[in-house]
Amino acid sequence: MFYIADLHLHSRYARATSRDLTPESLYQWARIKGIHVVGTGDFTHPLWLKELQEKLQPDGSGFYRLKHPPADLAGFRCADTDIRFCLTTEISSIYKFDGRIRKNHNCVFAPDFNTVMRFNAKLAQIGNLAADGRPILGLASRDLLEMVLETSDQMHLIPAHVWTPWFSTFGSKSGYDSIEACFRDLISYIFALETGLSSDPAMNWRWSALDRFALVSNSDAHSPQNLGREANLFHTERSYQAMFAALKTRKGFLGTYEFFPEEGKYHLDGHRKCEVCLSPEESERLKNVCPHCGQPLTVGVLHRVITLADRLQPRQPDDAAPFQYIIPLPEILSEIRQSSPNSKAVQQYYQQLISSFGNEFMLLHQVPIEDIEKKAGFILAEAIRRMRQQQVYREPGYDGVYGIIRIFQPGELHRLSMRALFVDEPEPLPSATSFSQEMPKIQADKYQTGLSVANQISLDADQLAASEASGAVLVVAGPGTGKTRTLISWMIYQMQQKGVHPSNMLGITFTQKAAEEIKQRLYAAMGKQAVDLQVGTFHAVAFSMLQKTFTHLQQIYDEEDRRMILGLLYPDKTADELKHLSDTLADYFEGHPGNDPSIPHLAQQYLAYTWNQGGIDLSSLIYVL
């Protein structure tokens, strides 16, 4: 069977973690994200272990299920997902080896509570397990692995986020230059490496020494909402044994969902205090010293990969699993709504989408783009299409500062809002240079010599008469006869010869392409004078006017949208009932109230919902205005 696993996370007993981290919240957010197997995290902590033992029960496969599963979080209606827990923990090893202080983090996995208790008893002799959910022990990674193997041949160790500068196997601050140097005589028991948020498999494929390891990815979540930032995909029997067998043999391990590595907070080199972010090449020229304060830079993951790599380009091993990038859905919605991921508007939008599509991973990578557009609109569909095709803008993270992944260019969302609502996909526009060649910019001194605008752009007699006419003019002509050129010359004539201010002119066309062509030609002809001109399709201009009245407006809902929203408000109603309710509501908005006394209340409830979503129902415009 196919399943998704996120195996590295924490409890509320670890440092800098959310108080909301409970077995119940992990269960709820695993359903929201679409995760089938979730790690418990922190099984070494006595209080957390006790809670896990009280709330989990074995399912007979080496995984555990929650004894009393909670309902979905308020506002969410998730797809049916049977959640299992895997017993996991992360251990921080700080020790001296070969003349250097080493700081490595490792993930440890166990098949049952009896094994966990035997293992914890061994660790308790070395350090205080109750001090932190992720215990800090003076135990070498090699010796920790030996303890794992001595406890049970069913326990496993996977080095965590292997490239992170401060606490990892290959970290620039306290790691090693090879996996063998870290685990020495026990290296044959290491079969997988966790790549971490700041690297992806492709980066690791530049170093041939890593070809023999499965490359896994997990969220390392410190709050339940951050589950699934990265995850692993399997197609095996859903059991502890089968999952780890897949990692060892590469059979049944389908790959990973990955952060764009630039978003990780240690991707490039830098110095956070001085806000300095540098590429590896720039750091090398500066001898890894901050150019502002002279302190050492934090050498990032990319730099470290380049240092150890023996390939100029990634080369995927024949048996290596592929990977796909993801952007957490709240981040995508935050960019679309231009608001914080934690804002009320974004959270309501998030809940609506999860309820519509079942879970986050399903929407991000499984639902066809055309279905997303049909149910949630063009802009979200376009955002997810670009994410899947890696068409994003990347601002890399450095020295503990998360990077930023953007999908849209500045100002692009407004244009796409027009496209999404009213017109077909616009064709690429000719460049300003080509317009300038077609219609040279008219110089002011030519007007002073009495040359007409029309003569400057080669109009025939009829076109000239139309371009210099006063009042209303009707131009009737076939395609390709110069109607657009005539309209442009008439607008220029009105501004230059009649003194009409550009802001007092409005040009209406049938297509977005024609509107853009008119604007480009006017800009080429008149320069800054044309900035205040309003030219667009009827619908685009109308939408712009609506936005001046409703400043928060981002979308217009049609009949299909209305039925979908009513389905969210009244989940128990059938499709026929929702259609009848939608038609009745439209009649009410359009001045036909009917006899149902509940409709006014429903109308207010519906309008409040659409208003909070940044939209307005097309049928309600007259009613609202």
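Select Lys-579 and Asp-583 to begin: their side chains form a salt bridge in which the closest N and O atoms are 3.1 Å apart, a salt bridge being a side-chain nitrogen of Lys or Arg within 4 Å of a carboxyl oxygen of Asp or Glu. Both residues belong to helix H24 (residues 575-589), where they are four residues apart and so separated by about one helical turn; helices here are DSSP runs of H or I with at least four residues, strands are runs of E with at least two, and both are numbered from the N terminus. Lys-579 is partly exposed with a relative accessible area of 41%, and Asp-583 is partly exposed with 28%, where buried means under 20% relative accessible area, exposed means over 50%, and partly exposed lies in between (1.4 Å probe, protein chains only).

Before going further, note that this is a predicted model, in which local features need pLDDT of at least 70 and side-chain atom pairs count only at pLDDT 80 or more, while totals for chains, interfaces and linings use all residues. Residues are numbered from 1 along each chain as its sequence is written, and side-chain values use heavy atoms, with hydrogens and water left out.

Next, select Arg-12, Glu-24, Glu-51 and Lys-55, which salt bridges with shared partners join into one network. By the same rule the structure has a count of 25 salt bridges.

Move on to helix H23 (residues 559-569) and pick Arg-563 and Glu-559, which both lie in this helix, four residues apart, or about one turn. Their salt bridge has its closest N and O atoms 3.2 Å apart; Arg-563 is partly exposed at 28% relative accessibility, and Glu-559 is partly exposed at 38%.

Now select Arg-238 and Asp-82, whose side chains meet in a salt bridge of 3.3 Å, N to O. Arg-238 lies in the loop between strand E11 (231-235) and helix H7 (240-249), and Asp-82 in the loop between strand E4 (64-66) and strand E5 (84-97), so this pair ties together parts that are 156 residues apart in sequence. Are the two partners buried or exposed? Arg-238 is buried, with a relative accessible area of 13%, whereas Asp-82 is partly exposed, with 42%.

**Rings**

Display the side chains of Phe-63, Phe-109, Phe-191, Tyr-240 and Phe-244, which ring pairs link into a cluster. Rings of Phe, Tyr and Trp (its six-membered ring) pair if their centres lie within 6.5 Å, and planes under 30 degrees apart count as stacked, over 60 as edge-to-face and the rest as tilted. The structure holds 21 aromatic pairs.

Then centre the view on Tyr-176, where Arg-102 lies over the face of the ring at 4.3 Å from its centre, a charge being counted over a ring if NZ of Lys or CZ of Arg is within 6 Å of the ring centre and within 35 degrees of the ring normal.

**A buried serine**

Select Ser-141, which lies in helix H4 (residues 141-151) and is buried, with a relative accessible area of 0%. Its side chain is joined to that of Asn-106 by a polar contact of 3.0 Å, the term meaning a pair of N or O atoms within 3.5 Å; within protein, one must be able to donate a hydrogen and the other to accept it, and residues adjacent in sequence count only if both atoms are side-chain atoms.

**Two positive phi angles**

Go to the loop between strand E10 (214-216) and E11, where Asp-220 is found; Asp-220 has a positive phi of about 50 degrees although it is not a glycine, and it is buried, with a relative accessible area of 17%. Glu-275, in the loop between strand E13 (269-271) and strand E14 (276-278), likewise has a positive phi, near 55 degrees, in a residue other than glycine, but Glu-275 counts as exposed at 67% relative accessibility.

**The whole chain**

The C-alpha trace spans about 95 × 70 × 45 Å along its principal axes, and of the 625 residues 55% count as buried.
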